[in-house]
Amino acid sequence: SLELLDFGGNPLELASFSADFWRALSQCNIRSLFLNDTMESSCSQEVFQPFVASLPPQLVYLNLANCSLEAPHMALLY
């Protein structure tokens, strides 16, 4: 089981991940997810929403520092 997933510092385009990837992510035992400095420009809510919906329920730590997220993205996370 995967407990830490670190994409930090690597450019990441959430839209490039398939629905299968999100389903697999939601079934992992990920407790820490590092996405700091990954999204260089703000992604759309349509792309961000499936990501948020697939976050594993046991996730304890999510690092989104410097990801250009705006208030609508924060509302989805909340």
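The chain exposes about 4,700 Å², and carbon and sulfur atoms supply 52% of that area. Accessible areas here come from the Shrake-Rupley method with a 1.4 Å probe, and for residues only the protein chains shown count as cover. Before I go on: this is a predicted model, where local features need pLDDT of at least 70, side-chain atom pairs count only at pLDDT 80 or more, and totals for chains, interfaces and linings use all residues. Residues are numbered from 1 along each chain as its sequence is written, and side-chain values use heavy atoms, with hydrogens and water left out.

So how much of the chain is buried? Of its 78 residues, 31% count as buried. For us, buried means under 20% relative accessible area, exposed means over 50%, and partly exposed is in between, with a 1.4 Å probe and protein chains only.

Now the layout. You can find three helices and three strands in the chain, and along the sequence they follow the pattern β-α-β-α-β-α. Helices (H or I, at least four residues) and strands (E, at least two) are DSSP runs, numbered from the N terminus.

Let's talk about contacts, meaning heavy atoms within 4.5 Å. Take the contacts between residues at least 6 apart in sequence: 87% of them join residues at least 24 apart.

Next, please look at helix α2. Which residues of α2 are buried? They are F48, F51 and V52. These residues cover an arc of only 95° around the axis, which puts them on the same side of α2. That arc is taken from the directions from the helix axis to the C-beta atoms. On the face turned away from the buried side, α2 carries the exposed residues E46 and A53. And what covers the buried residues? The cover includes α1 (19-27), β2 and α3.

That brings us to the core. A nonpolar core is a set of buried Ala, Val, Leu, Ile, Met, Phe, Trp, Tyr and Cys residues joined through side-chain atoms within 4.5 Å. The largest one has 17 residues, and those with the most contacts inside it are L14, L33, M39, F48 and F51. Helices α1 and α2 each supply at least two residues of this core, and the largest share, three residues, comes from α2. If you click on L14, you will see that it touches W22, M39, C43, V47, F48 and F51, not counting residues up to four places away in sequence.

On to the aromatic rings. A pair of aromatic rings is described by the distance of the centres and the angle of the planes. Rings of Phe, Tyr and Trp (its six-membered ring) pair if their centres lie within 6.5 Å; planes under 30 degrees apart count as stacked, over 60 as edge-to-face and the rest as tilted. How many aromatic pairs does this rule give? The count comes to two.

One is F34 with Y61, a tilted pair at 5.3 Å centre to centre and 45° between the planes. This pair links distant parts of the chain, with F34 in strand β2 (residues 32-34) and Y61 in strand β3, 27 residues apart. F34 is partly exposed at 23% relative accessible area, and Y61 is partly exposed at 39%.

The other is F48 with F51, tilted too, with 5.6 Å centre to centre and 45° between the planes. F48 and F51 sit three residues apart in helix α2 (residues 45-53), so about one helical turn separates them. F48 is buried at 0% relative accessibility, and F51 is buried at 2%.

L76 lies in helix α3 (residues 71-77), and the C-alpha atoms of L76 and F48, 28 residues apart along the chain, are separated by 8.2 Å. Leaving out residues up to four places away in sequence, L76 touches Q45, F48, Q49 and V52. L76 itself is partly exposed, with a relative accessible area of 25%.

N63 lies in strand β3 (residues 61-63) and counts as buried, at 14% relative accessibility. Setting aside residues up to four places away in sequence, N63 touches L33, F34, L35 and N36. N66 lies in the loop between β3 and α3. Is N66 buried or exposed? N66 is exposed, with a relative accessible area of 59%. N66 also has a positive phi of about 60°, although it is not a glycine.
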